[in-house]
Amino acid sequence: MFNNKLSTIFMLCGSLILGGIGLESAEAAEEELNCLLCHKHRGLSRIDEKGKFRLFYINNELFESGPHRRNQCKDCHKDIDRIPHRPAKKVDCTQQCHIVEPSGEQKFSHKHIADTLSKSVHGKLDADGNPKPHEEDYPFCKDCHDQPLYRPIQVYKGVAKHGISERSIARCRSCHRDGNFAEDFYEHVTSRLHKTRFSKEIIDVCAKCHQDPEFNKRHELDDAVTTYKETFHGKLIALGSQRTPDCLDCHVVEGENNHSIESKLVVTSATHEDNRGRTCMASDCHQKADPKLAGFQVHVTYDREKYPLEFYMLMGFKALMAIVLYFFLALIFFELMRRLFPKFAFFKDDKPHHHVIEEEKAKIKKK
Amino acid sequence: MPTPKYEPIVYKDGVRYFYRFSAHQRLQHIVLFTSVLVLALTGFPLRHADEAWAKPLYDMLGGTEIAPMIHRIAGTVLLALFVYHTIYWMVKFYQNHVRKLIDEKRLTPWNFTKEFFSQEMIPNKKDFYDIIHLWKYLLYFTNRPPRHDRMSWREKFDYFAPYWGIPILGPAGVILWWRDEISHYVPGIVFNAAYIMHTDEALLAVLFLFFVHWYNVHYAPEKFPAAKVWLTGYLSEDEMIHEHYADYVKVMVENGLEEEIQPQHFAGEHYKW
């Protein structure tokens with residue numbers, strides 16, 4: 001049996017020897033507990049009690065350009081007060097942290113986002129406050145946000161790098177010379193203004209649950225991701241389009257935040273029967289269309305009961321294709337085979353070709 | 001513009017060639033296959049967007065911004081050609097058939113119908129017997145291949161394939177293109193139907209063209225690497241004997257060459273590699 005604690009100690013020792021112990025960066029020195037002393041090592045990992053591989057490496061370069069750069073580790077991992085420490089508890093993203101917003105003087109918390117999420121279709125509790133069936137399947141912050149697309153990456157002249165482009169921030173620095181205000185404010189604002197996330201990656205986040213056959217079975221859902229990928233929207237995104245709607249564009253009411261997605265049965269949801277038309281006609285999309293356009297069925301599974309028109313059309317085309325192609329491919333096959341023995345036949349027709357000539361002459365005379 | 005006169009038989013390098021298609025018809029075929037190839041190249045990466053080859057090919061053709069525009073231009077050309085050819089065919093039908101009936105004062109609905117079915121591209125009873133005869137031949141029940149007229153049933157199938165494909169693909173393409181405008185007049189599910197019609201009929205058309213039509217004109221041993229009739233408009237004597245024996249005999253008799261008529265053979269008997 002694998003000894004978890006022992007493995008952790010071995011890995012820790014190994015990484016310390018390989019990496020060398022020392023305070024290499026100024027950021028590390030500033031840390032109250034100097035967490036990076038251990039967590040800077042790429043090999044820092046263990047197999048947890050459930051047999052899952054856990055990696056504890058922190059890429060400080062990424063962290064320093066991420067949204068939590070002004071937080072100390074301890075601001076979120078409140079239960080850790082010494083090193084070496086025991087396995088840390090899960091972070092509660094709704095707790096108030098020590099950050100003061102640059103725009104005002106209020107202390108920051110993600111609590112209101114968590115409240116919005118709990119009221120949405122993704123909330124763990126139903127309208128009466130009771131847990132929904134398969135409560136554990138419903139997402140919380142990290143289920144979506146712990147995805148590669150949330151890495152702080154800047155693209156300048158087609159080259160992707162961590163953090164802020166020096167060229168982009170130079171303008172801000174021309175006035176905001178002191179401290180980190182320019183960096184913090186620039187990061188805070190631009191990460192929200194720009195659509196920095198590729199639609200493909202957003203689809204991958206949703207696919208984590210909605211393309212999982214077991215998950216869909218448990219919740220009696222159709223595979224929303226595969227069916228979406230069958231539409232022109234999905235296909236254009238696969239080919240690199242940046243102007244085509246992804247999941248969020250249709251499932252979030254225009255102007256609302258992404259955490260407020262609701263079931264299509266809720267009257268205020270973007271995909272409710274009465275609102276779908278407005279969703280399609282949202283700015284930059286099908287502005288000239290009639291709300292009837294929303295009658296287009298996006299998530300078609302070709303199920304006979306649910307989508308009879310699509311099912312029978314598909315069957316019709318498949319049958320037609322099979323008949324035409326099998327007939328002609330068989331013909332080609334036999335024609336090639338016929339060339340093997342061109343003169344052979346079970347019954348010979350040795351009538352001379354002259355009778356054809358006579359027939360033709362007779363026809364010409366008749367005319 | 002008067003129709004250019006084509007000799008029914010010409011000689012080149014000691015080989016006899018038989019007239020098949022006018023320059024006007026050959027030009028229409030060039031426009032047809034060019035637009036179809038462009039449509040297939042700009043359409044199939046989208047249909048199979050998840051395949052590894054799709055994105056590089058689509059990017060080469062202009063990517064998600066330009067390739068759809070090229071696709072729509074090619075589609076417009078193809079639809080225009082479809083309309084043009086239909087008018088061309090109606091004019092030809094009038095010149096070669098209806099006017100004769102008018103001149104002879106025999107224009108009745110029955111005679112009109114008879115003339116309609118006497119056109120060389122219209123399928124008839126002989127085609128049905130030719131198909132049965134061909135299968136008898138392919139399964140070694142007879143040593144004689146069918147004697148096709150000027151247009152064999154396979155050519156008629158090839159000819160009518162666009163007449164069945166374009167009325168399905170074209171309107172569906174227009175609906176998907178002008179979806180916002182058309183949504184004012186039709187329910188949304190029409191777009192689902194148009195999507196299936198456009199993508200699945202396109203697959204059938206392309207598979208048929210690339211496997212069956214290209215076998216007939218490219219891959220078949222006696223045609224490889226490519227038949228020339230689409231360029232020259234003339235078919236060699238060997239090919240005439242193999243593919244259109246009834247018409248070959250007729251043309252030879254009409255031109256007083258009945259003594260030189262060769263017996264029927266099948267291409268497998270003497271390849272010219």
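Let's start in chain B: the axes of helix 3, residues 63-103, and helix 6, residues 153-177, come within 10 Å and cross at roughly 135 degrees. Keep in mind that this is a predicted model. Angles over 145 degrees would count as roughly antiparallel. Helix 3 of chain B and helix 6 of chain B are therefore oblique to each other. Their crossing is left-handed.

Who makes the contact? Helix 3 of chain B brings B:Arg72, B:Gly75, B:Leu78, B:Leu79 and B:Phe82. Helix 6 of chain B answers with B:Pro162, B:Ile166, B:Gly170, B:Gly173 and B:Trp177. By class, that is six nonpolar, three polar and one charged.

Next, the contact between the chains. Chain A gives 48 residues and chain B gives 49. On the side of chain A that touches chain B, helix 13 (232-238), helix 16 (308-338) and helix 17 (354-366) of chain A each supply at least two residues. Which helix of chain A has the largest share? Helix 16 of chain A, with 15 residues. This side of chain A has 28 nonpolar, six polar and 14 charged residues.

Last, the sheet in chain B. Three strands, order 1-2-3, form an open sheet with antiparallel pairing. Strand 1 (9-12) and strand 3 (234-236) of chain B each have a single partner strand, so one side of each has no neighbour in the sheet. Neighbouring strands are turned by 35 degrees against each other on average, direction ignored. Strand 2 of chain B, residues 15-19, runs antiparallel to strand 3 of chain B, and three bridges join them. One pair to look at: B:Phe18 has B:Leu235 of strand 3 of chain B as its bridge partner.

Terms used. Residues are numbered from 1 along each chain as its sequence is written. Chains are lettered from A and ligands numbered from 1 in the order in which they are written. This is a predicted model: local features need pLDDT of at least 70, side-chain atom pairs count only at pLDDT 80 or more; totals for chains, interfaces and linings use all residues. Axes are lines fitted to C-alpha atoms, for helices over the stretch in contact, and angles run from 0 to 180 degrees between N-to-C directions. Helices (H or I, at least four residues) and strands (E, at least two) are DSSP runs, numbered from the N terminus. Angles under 35 degrees count as roughly parallel, over 145 as roughly antiparallel, 65 to 115 as roughly perpendicular and the rest as oblique. A crossing is left-handed if the near helix is turned anticlockwise from the far one by less than a right angle, and right-handed if clockwise. Two residues are in contact if their C-beta atoms, placed from the backbone, lie within 7 Å. Ala, Val, Leu, Ile, Met, Phe, Trp, Tyr, Cys and Pro count as nonpolar, Asp, Glu, Lys and Arg as charged, and the others, Gly among them, as polar. Two strands pair if DSSP finds at least two bridges between them.
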